[in-house]
Amino acid sequence: MPQKPSSILIYVYSRSGHSRRVAEHLGNYLGVAPFEVTTCRYSWPVLSWITAARDGMRGRAVPLDQSLDLPEGGLVVLVGPVWAGGVGAPLNTLIDALANGEQDVAVLLTCDDPNELTASLHKIAERLRRPLKGKMVLSNGVQDTSEGHERIRAFAEALGVQVTAQ
Ligand SMILES: Cc1cc2nc3c(=O)[nH]c(=O)nc-3n(C[C@H](O)[C@H](O)[C@H](O)COP(=O)(O)O)c2cc1C
């Protein structure tokens with residue numbers, strides 16, 4: 001039977017709500033409330049979209065509003081958006097903070113284009129300097145459907161964790 005890792009943390013960054021909803025679903029399956037990180041860098045409505053796209057494309061890490069208290073081991077799941085073929089810049093900050101650690105790290109990205117992806121996931125593993133324990137990309141078109149819920153559940157199960165909700 002799958003064992004629960006000694007600690008499971010879900011970190012989510014969500015600019016417009018998609019990743020937050022996905023993280024909440026995932027949290028139900030893993031029995032953990034997601035911890036949401038924010039940044040004041042993208043508060044301007046139009047200009048911030050351009051800034052975000054540029055940051056995503058350049059793989060930039062940005063200051064977060066929260067200080068991070070990362071566990072030394074266990075499982076850390078990052079949930080957030082694809083930005084311009086890269087990942088949402090706040091995720092890069094989390095990845096950098098985890099890069100010298102020994103945690104198992106899994107990533108669930110949300111995006112518009114379901115064909116998006118492998119590139120972003122590959123960049124994350126490189127930046128993290130170790131293979132990902134789990135990875136998935138979920139397009140916004142399916143995230144609130146039964147298929148989307150099933151895929152999130154399968155992602156949770158593939159992490160070796162006994163899921164706690166239907
Ligand atoms: C600046 C920016 C760049 C984006 N670039 C992409 C992209 O390259 N490919 C894609 O499929 N979706 C892209 N999207 C769409 C988001 O990845 C998608 O809507 C995601 O679910 C948003 O997550 P959130 O609501 O949690 O912020 C982009 C969105 C933004 C704001």
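Is S43 buried or exposed? I counted 9 C-beta neighbours inside 10 Å of S43, so it is exposed, on a scale where a residue is buried if 20 or more other C-beta atoms lie within 10 Å of its own, exposed if 12 or fewer, and partly exposed in between, with C-beta atoms placed from the backbone.

I note that this is a predicted model, in which local features need pLDDT of at least 70 and side-chain atom pairs count only at pLDDT 80 or more, while totals for chains, interfaces and linings use all residues. The residue numbers I use run from 1 along each chain as its sequence is written.

**Entry on S43.** I placed S43 in the loop between β2 (35-36) and α2, where helices (H or I, at least four residues) and strands (E, at least two) are DSSP runs, numbered from the N terminus. I then looked up R15, which is 28 residues from S43 along the chain, and found their C-alpha atoms separated by 9.4 Å.

**Entry on F35.** I found F35 in strand β2, and with 14 C-beta neighbours inside 10 Å it counts as partly exposed. Leaving aside residues up to four places away in sequence, F35 touches L9, I10 and Y11, contact being C-beta atoms, placed from the backbone, that lie within 7 Å. From F35 to V12 I read 6.2 Å between C-alpha atoms, although the two are 23 residues apart in sequence.

**Entry on the ligand.** Which residues come nearest to the ligand? Of the 22 residues around the ligand, I list S14, S19, P81, T110 and C111 as coming nearest, where near means that the C-beta atom, placed from the backbone, lies within 6 Å. The elements giving two or more residues to this shell are α1 (18-30), α2 (47-58), β3 (75-83) and β5 (104-111), and the largest share, four residues, comes from α2. By class I have eight nonpolar, nine polar and five charged residues in the shell, with Ala, Val, Leu, Ile, Met, Phe, Trp, Tyr, Cys and Pro taken as nonpolar, Asp, Glu, Lys and Arg as charged, and the others, Gly among them, as polar.

**Entry on α1 and α6.** I looked up how α1 packs with helix α6 (residues 146-158), and found an angle of about 50° with the axes 9 Å apart; axes are lines fitted to C-alpha atoms, for helices over the stretch in contact, and angles run from 0 to 180 degrees between N-to-C directions. That angle makes α1 oblique to α6, because angles under 35 degrees count as roughly parallel, over 145 as roughly antiparallel, 65 to 115 as roughly perpendicular and the rest as oblique. On the α1 side I note V22, H25, L26, Y29 and L30, which meet H149, I152, R153 and A156 in α6. By class, this contact has six nonpolar, two polar and one charged residues.

**Entry on α3.** In helix α3 (residues 89-98) I found eight of the 10 residues buried, so the helix is largely enclosed by the rest of the structure. The buried residues are A89, P90, L91, N92, T93, L94, I95 and L98.

**Entry on phi.** Most residues other than glycine have a negative phi. I noted A84, whose phi is near 50°, a positive value, in the loop between β3 and β4 (86-87). I also noted R129, with a positive phi near 65°, in the loop between α4 (118-128) and β6 (134-139). A84 is partly exposed, with 15 other C-beta atoms within 10 Å, whereas R129 has 11 such neighbours inside 10 Å and counts as exposed.

Terms used:
Contact = placed C-beta atoms within 7 Å.
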